[in-house]
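These are my notebook entries on a structure that I am reading through for the first time. I wrote down what I looked up, topic by topic.

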Amino acid sequence: MSTTTGRVTRRPQGPGKSRLGWNLLGLLVFVTAGFPVYWMLNTAFKPARDAIDPDPHFFPRTFTLENFERALQVSDFWGPVGRSLVVSLVVVLIGIVVGMLAALAISRFAFRGRKVVIVGILAVQMVPLVAMIIPVFLLLNDLGQYDKLTGLVITYLTFILPFTVWTLRGFIVNIPRELEEAAMVDGCTRTGAFVRVVFPLLAPGMVATSVYGFIQAWNEYLYALMLMSQQNQTATVWLGNFTTKHGTEYAPMMAGATMMAVPIVVLFLLVQRKMAAGLTAGAVKG
């Protein structure tokens with residue numbers, strides 16, 4: 001603090017202190033979000049008796065693979081995982097194709113009822129999933145799709161498709177119309193302009209949206225539990241088999257959860273560059 005001609009002035013805070021504060025905040029968020037994942041891995045590789053120890057250790061004292069063997073012995077593992085993969089991939093494929101066309105129509109064309117469609121998409125996402133269980137069950141039962149993977153795919157599309165449409169609409173809106181118009185002036189049709197100009201710019205956003213849609217379908221539990229029988233259960237329902245009338249087998253459950261997380265991690269590693277580009281797409285419009 002210094003005085004000049006009788007007035008008190010404050011020295012501006014250096015950028016180092018501000019950067020340190022943001023770094024500490026980022027570290028706090030990382031630790032808060034990452035600790036449950038670490039504890040899942042920690043419990044998965046420790047002996048079962050240590051998982052229920054009233055005085056838990058932050059680092060496991062011994063490592064074991066017995067929990068993974070136990071997880072694979074509980075009911076069937078590959079069947080539920082395979083069904084979850086099929087359902088998630090089909091939902092993402094249908095959702096991204098239909099959602100892209102719907103988002104393109106909403107973003108690029110003016111038609112009667114356009115605002116009503118946009119409000120309807122938002123309204124659907126606001127409805128709690130638990131509130132639609134009985135109507136969905138009755139509808140699938142009438143259509144003969146109860147306890148079938150096709151019925152589960154249709155059900156998942158009811159909440160993943162609105163999310164896909166709304167997300168892709170945000171990416172398309174940030175792609176200037178002038179690029180399409182310039183391509184059409186050069187001789188491209190509207191479809192050709194979309195394929196050659198818009199689609200390459202939209203690809204990162206489609207990848208990011210697909211990953212989030214896949215995670216939603218992969219982790220869904222409530223509808224899979226209510227609409228599928230024990231023989232056709234998905235991976236999330238299979239994970240609930242570790243909770244019995246005798247208690248919960250925490251160590252094998254965490255081992256099963258670790259194995260269930262592998263497809264998500266692999267998918268993210270394969271598309272991480274496109275994912276990062278998609279998350280930042282539209283940050284600067286121009």
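**Aromatic pairs**

I began with the rings and found that the structure, which is a predicted model, holds 13 aromatic pairs. Phe35 counts as partly exposed at 38% relative accessibility, and Tyr38 counts as partly exposed at 25%.

I then turned to Phe45 and Phe68, whose ring centres are 5.0 Å apart with planes at 50°, so this pair is tilted. The pair links distant parts of the chain, 23 residues apart, with Phe45 in the loop between α1 and α2 (48-51) and Phe68 in helix α3 (residues 66-73). Phe45 is partly exposed, with a relative accessible area of 27%, whereas Phe68, at 15%, counts as buried.

I also recorded a cluster in which ring pairs link Phe35, Tyr38, Trp39, Phe58 and Phe59.

**Val87**

Next I looked up Val87, which lies in helix α4 (residues 78-108) and counts as buried at 2% relative accessibility. Leaving aside neighbours within four places in sequence, I listed Leu149, Leu152, Val153 and Tyr156 as the contacts of Val87.

**Helices α7 and α9**

Last, I checked how helix α7 (residues 149-173) packs with helix α9 (residues 190-219), and noted an angle of about 160° with the axes 10 Å apart. That makes α7 roughly antiparallel to α9. The contact is made by residues including Tyr156 and Phe163 of α7 and Leu202 and Tyr212 of α9, and its residues divide into 10 nonpolar, six polar and no charged.

Terms used. Residues numbered from 1 in each chain as written. Predicted model: local features only at pLDDT ≥ 70, side-chain atom pairs only at ≥ 80, totals over all residues. Heavy atoms only, no water. Axes fitted to C-alpha atoms, helices over the stretch in contact; angles between N-to-C directions. Helix = DSSP H or I, 4+ residues; strand = E, 2+ residues; numbered from the N terminus. Parallel < 35°, antiparallel > 145°, perpendicular 65-115°, else oblique. Contact = heavy atoms within 4.5 Å. Nonpolar A, V, L, I, M, F, W, Y, C, P; charged D, E, K, R; others polar. Buried < 20%, exposed > 50% of the residue type's maximum accessible area, 1.4 Å probe, protein only. Phe/Tyr/Trp six-rings, centres within 6.5 Å; stacked < 30°, edge-to-face > 60°.
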